[in-house]
Amino acid sequence: MKRIVTALILLSLFAGAGCKSQHPSTITVDPEFDANRLGSVLIAPVVSSISEGVDPKRESERIMNRTLLELIAGRTDHKLLSPEHFKLAVRKEGLEEAYEQFKHDWVTKHEADPAFLARIKGDLDISAILISHVYLWNKDEADYREEGTASSTSVGATLTLIDFESGKIAWEATDENYKESVRTEGNRVQVDGGGFVRRVSGVTSTGRDMYSAPPFEDVALLVLQVLVEAIPQRGAM
């Protein structure tokens, strides 16, 4: 009997391990891509397909850009040029309209116009461009009156490395992740004092509602951290 119980426990552990989410969720590598031969990489500003109705302040672009640059700074095995070089090239070549079309094509077709890339490259000594696309940016706020529910924040993004010479995707990785808040207890009490309503239950020491969906910054970091780490290292291939 003990052997049967032990076997069932081990089986459940293996089954549970098999159900864990994989991060990044997908990685695609061109068989001809060699990270050791990769020259300078131009980082394009983050492209967001989140509608303005969902993200009117374009936080998906601002937060992801900032987080990506902070993480990329730790990758010293490759020479990476910041999005400022990209923006400068757009202004220098008068490509403002073409850039809007480039973003639209990337979101809808997952294609990059070779002619646009050639003009962006100009006289820059670069061999590839890194395009970031955020396609999932959502907060699901739970009703605090329902016990046992939790608010959540979800983010999904793709990093793509395109070879300038061939115009092909050399490497690409996609990941999605989420974070949940504390589960609601249905007793968030509010008191009215001196004309101000304040919550006295479910508030952290910093004044943040612990039951609300976590900040986008926290989940963006989870997603981009694994994507940046997944970029092939020089000397590892």
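Tutor: For sorting lining residues, Ala, Val, Leu, Ile, Met, Phe, Trp, Tyr, Cys and Pro count as nonpolar, Asp, Glu, Lys and Arg as charged, and the others as polar. Keep in mind that this is a predicted model.

Student: Fine. How many cavities of 30 Å³ or more are there in the whole structure?
Tutor: The search finds 1. The largest cavity holds about 70 Å³ of space.

Student: Which residues line the largest cavity?
Tutor: Leu-38, Val-41, Ile-72, Arg-75, His-78, Leu-80, Leu-130, Leu-161 and Ile-231. By class, that lining has 7 nonpolar, 1 polar and 1 charged residues.

Student: And the largest pocket, what is its lining by class?
Tutor: There the lining has 7 charged, 3 polar and 3 nonpolar residues. The pocket has about 340 Å³ of space. Of its 13 lining residues, Glu-32, Phe-33, Asp-34, Arg-37 and Asp-163 are the closest to the centre.

Student: Switching to packing. How many residues are in the largest nonpolar core?
Tutor: That core has 32 residues, and Met-64, Trp-137, Leu-161 and Trp-171 have the most contacts inside it. Helix α6 gives the largest share, 8 residues.

Student: What does Met-64 touch, apart from its neighbours within four places in sequence?
Tutor: Its contacts include Val-46, Val-134, Trp-137, Val-155, Ala-220 and Leu-224, and also Glu-59.

Student: What is in the second core?
Tutor: It is separate and has 20 residues, among them Leu-42, Val-90, Trp-106 and Phe-116. Val-90 also lines the second largest pocket, which has about 160 Å³ of space.

Conventions:
Residues are numbered from 1 along each chain as its sequence is written. This is a predicted model: local features need pLDDT of at least 70, side-chain atom pairs count only at pLDDT 80 or more; totals for chains, interfaces and linings use all residues. Side-chain values use heavy atoms; hydrogens and water are left out. A nonpolar core is a set of buried Ala, Val, Leu, Ile, Met, Phe, Trp, Tyr and Cys residues joined through side-chain atoms within 4.5 Å. Buried means under 20% relative accessible area, exposed over 50%, partly exposed in between (1.4 Å probe, protein chains only). Helices (H or I, at least four residues) and strands (E, at least two) are DSSP runs, numbered from the N terminus. Contact means heavy atoms within 4.5 Å. On a 1 Å grid over the protein atoms alone, a cavity is a set of points where a 1.4 Å probe fits but cannot get out, and a pocket is an open set with protein on both sides within 12 Å along at least five of seven lines; lining residues have an atom within 4 Å of a point. Grid points are joined across faces, edges and corners, and a volume is the space filled by probe spheres set on the points.
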